[in-house]
2 protein chains.
Amino acid sequence: MKSVEEQMKIIAKGAKEIVGEEELRNKLARAVTEERGLIIKLGLDPSAPDIHLGHSVVLRKIRQMQELGHRAVIVIGDFTGKIGDPTGKSKGRVALSDEQVKENAKTYTDQIFEIVDKEKTEVVFNSSWLKKLDFEEVIRLAASVTVARILERDDFSERYKNNVPIGLHEFFYPLMQAYDSVALKADIEIGGTDQTFNILMGRSLQKWMGLEPQAAVFMPILEGLDGVEKMSKSLGNYIGIHEPASIMFKKVMEVQDSLIIRYYELVTDEHPDKVIEIKKELEKGKNPRDVKYELARIITSLYHKEEVEEAEKYYREAFINKGIPEDIPELIIDLEKDNLAGIIPRLTEEKYISSGSDFRRLLAQGGISLNGEVLTQGDLDQVLICGDVLKIGKKKFARIIK
Amino acid sequence: MKSVEEQMKIIAKGAKEIVGEEELRNKLARAVTEERGLIIKLGLDPSAPDIHLGHSVVLRKIRQMQELGHRAVIVIGDFTGKIGDPTGKSKGRVALSDEQVKENAKTYTDQIFEIVDKEKTEVVFNSSWLKKLDFEEVIRLAASVTVARILERDDFSERYKNNVPIGLHEFFYPLMQAYDSVALKADIEIGGTDQTFNILMGRSLQKWMGLEPQAAVFMPILEGLDGVEKMSKSLGNYIGIHEPASIMFKKVMEVQDSLIIRYYELVTDEHPDKVIEIKKELEKGKNPRDVKYELARIITSLYHKEEVEEAEKYYREAFINKGIPEDIPELIIDLEKDNLAGIIPRLTEEKYISSGSDFRRLLAQGGISLNGEVLTQGDLDQVLICGDVLKIGKKKFARIIK
């Protein structure tokens with residue numbers, strides 16, 4: 001096992017904050033001495049989204065820690081899912097059957113295992129211990145925390161202030177997650193900064209119950225391709241881990257220059273020393289485009305090892321060799337009108353064309369192309385994705401941003 | 001079974017408030033038709049105090065309802081007692097064993113059965129249903145109420161405002177009591193006005209769980225012999241139900257005139273029509289002393305049926321025949337200095353005596369008497385109780401008020 005210092009360096013890469021750093025060092029020292037990996041906890045909702053690079057930040061960190069010799073436990077928070085909405089107010093939130101929960105979990109974990117090491121991961125359902133707690137044990141759990149402390153959580157304090165009702169049962173959701181850490185004797189819990197309250201509650205509950213508290217590793221929220229908003233599917237500024245190699249490669253090439261180092265830190269497994277190296281090179285004036293080629297190769301190879309070369313070749317042919325200039329103005333389009341026909345008003349507005357009929361004329365003449373491919377009348381319902389390059393007429397280019 | 005109107009009249013006698021009066025009428029109407037008594041719930045702590053007339057207010061009302069054909073269920077709140085103090089902060093509050101709880105409950109219920117009808121009463125322990133609830137059921141229970149609603153309870157809102165920590169488990173105590181009403185399918189819950197929050201929560205939880213809500217009968221807090229403070233052992237202004245008949249008789253005779261009707265209403269089983277009658281007589285100028293003789297007979301006979309006559313005879317001999325005037329000034333004494341030696345400074349202050357040596361001289365000469373009995377040097381540690389009449393010298397009298 002690597003030294004404590006080396007491990008700390010890898011764990012800290014890109015992390016927003018580590019709470020309990022001293023304890024983490026002690027745990028790592030013990031792990032090194034005893035040649036026994038630590039338990040890393042990751043809590044997940046039983047919902048099953050398509051995973052994109054934003055989700056990968058936490059998962060890659062787990063992978064890196066697994067490479068260091070530690071074990072991951074993924075906790076599927078099925079207990080709340082099984083209860084459904086006990087107030088009966090939210091129609092959408094009905095109790096899920098055991099089978100539905102397991103099925104959802106499988107769709108999700110199948111994707112997760114494309115990043116974390118399945119051999120060093122256990123998937124558990126928190127209902128298996130939570131459903132066994134009786135009232136007396138729940139009371140002891142509740143006694144670990146004050147009402148004021150829970151009301152401090154951002155969403156609760158906001159709702160309380162604005163007289164938006166909070167059901168008493170809702171106070172138990174952070175406690176349940178905290179109890180998961182007790183049940184698992186977690187050494188480290190990892191999560192996004194939006195999980196700060198719950199993860200720290202796990203720490204304090206472990207202490208309260210006489211256990212060694214877990215260290216908390218908080219990873220930042222990844223910005224999407226636009227460089228501003230959180231990466232998310234609904235904003236269209238994402239790179240999905242299931243997207244074809246060529247799309248993935250192209251999208252990484254669209255990443256804002258200012259985010260290059262951040263992406264190196266958060267969505268690759270590159271060694272921190274190497275990241276520092278690259279940072280220095282950029283500062284010395286290295287062309288960001290060349291660094292991005294390297295980044296695109298690294299990221300694409302994490303998900304499509306065999307296809308990286310081809311993806312790069314395709315990119316060069318489609319974009320560079322087709323005379324698409326490097327410096328293209330951005331065209332921000334409406335998410336609800338994101339196909340070719342839908343953006344005609346925007347193109348008129350921005351003087352790319354003089355009118356809709358101007359556009360149709362150009363289209364009929366083969367004067368409109370997307371990423372180097374000439375479009376026809378049949379492509380009017382073609383959905384544009386973030387980073388697409390549209391060529392209108394002989395000289396005008398627009399890079400689509402959603 | 002008596003008519004609904006007649007029953008309502010008896011139930012309402014002396015009650016501070018009835019919540020769900022319309023529902024209560026419906027329940028009673030059904031009880032009359034079906035010849036089946038209602039279930040009256042009374043919740044009690046597992047502590048075992050000496051019962052006095054203050055406690056009897058609620059118990060007598062239950063007895064009156066039992067006479068009307070209803071059944072009482074006394075819920076011993078042993079569940080919280082069994083948990084002890086889950087924060088471990090209060091050393092006094094350790095978890096009680098099943099046997100201790102049963103023993104405490106027996107001491108208490110033995111006294112209760114001197115008032116309520118044992119044949120029509122069931123004693124139950126709320127741990128028998130509460131300990132069986134699992135986390136999921138607890139969550140459903142918690143979902144029945146909002147955080148804001150519980151924080152409205154006087155003691156919680158006070159503590160929250162003043163930043164005095166409230167453990168989350170404490171929020172469950174009112175919910176547990178409320179759940180008792182669900183488990184018992186209580187028709188009526190009775191309690192002091194200090195139980196308003198908890199009893200109304202029982203009502204709303206029953207509704208939430210699809211049951212017919214219980215009616216709530218709130219009895220006022222009884223003033224003690226001083227006519228001001230709540231009757232309580234520690235204030236010394238009480239009449240214990242185990243006190244000898246002669247003391248009980250004498251103490252009732254000391255009750256402030258303004259409280260005669262209140263005592264009739266709250267600590268006797270006299271019919272409401274009769275109480276109205278007495279009230280009219282007093283207003284027409286009947287001597288309160290004569291009414292109090294009747295009241296003393298009634299109250300004493302509730303606890304010492306065979307000894308009432310003798311108690312009255314003793315009272316007349318000890319007080320009236322020994323020349324104790326009716327109109328005696330009150331001497332309020334300090335609870336911490338409540339024996340004969342301890343009140344010497346107060347007697348000097350109020351000019352009953354000129355000094356301590358004056359007092360000792362009078363005592364040695366047989367010039368000090370208590371309730372008509374001459375005191376001696378050996379009586380200096382005699383504790384004085386509320387209502388005692390002290391005679392100092394030939395003409396000075398003081399009625400002790402603690």
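Predicted model: local features only at pLDDT ≥ 70, side-chain atom pairs only at ≥ 80, totals over all residues.
**Entry 1: who touches whom**
I began by listing the residues in the contact. I found 33 residues from chain A and 33 residues from chain B.

**Entry 2: how much is buried**
I reminded myself that the size of an interface is often given as the accessible area lost when the parts come together. Here chain A and chain B bury about 3000 Å² between them, and carbon and sulfur atoms account for 79% of it.

**Entry 3: which helices take part**
Next I looked at the side of chain A that touches chain B. I noted four helices of chain A that each supply at least two residues to that side: H4 (78-83), H7 (135-142), H8 (147-151) and H10 (172-184). H7(A) gives the most, with 7 residues. I then sorted the residues of this side by kind and got 25 nonpolar, 4 polar and 4 charged.

**Entry 4: pairs across the interface**

**Entry 5: the symmetry**
I laid chain A on chain B and got an RMSD of 0.2 Å, using a turn of 180° and a shift of 0.1 Å along the axis. That is the relation of a two-fold axis. Which C-alpha of chain A is nearest the axis? I found that of A:Asp134, 2.2 Å from the axis. Last, I checked the contact residues of chain A: 100% of them recur in chain B, so the same surface serves both copies.

Methods. Residues numbered from 1 in each chain as written. Chains lettered and ligands numbered in written order. Heavy atoms only, no water. Contact = heavy atoms within 4.5 Å. Buried area = accessible area lost by both parts, 1.4 Å probe. Nonpolar A, V, L, I, M, F, W, Y, C, P; charged D, E, K, R; others polar. Least-squares fit on C-alpha atoms with pLDDT ≥ 70 in both.
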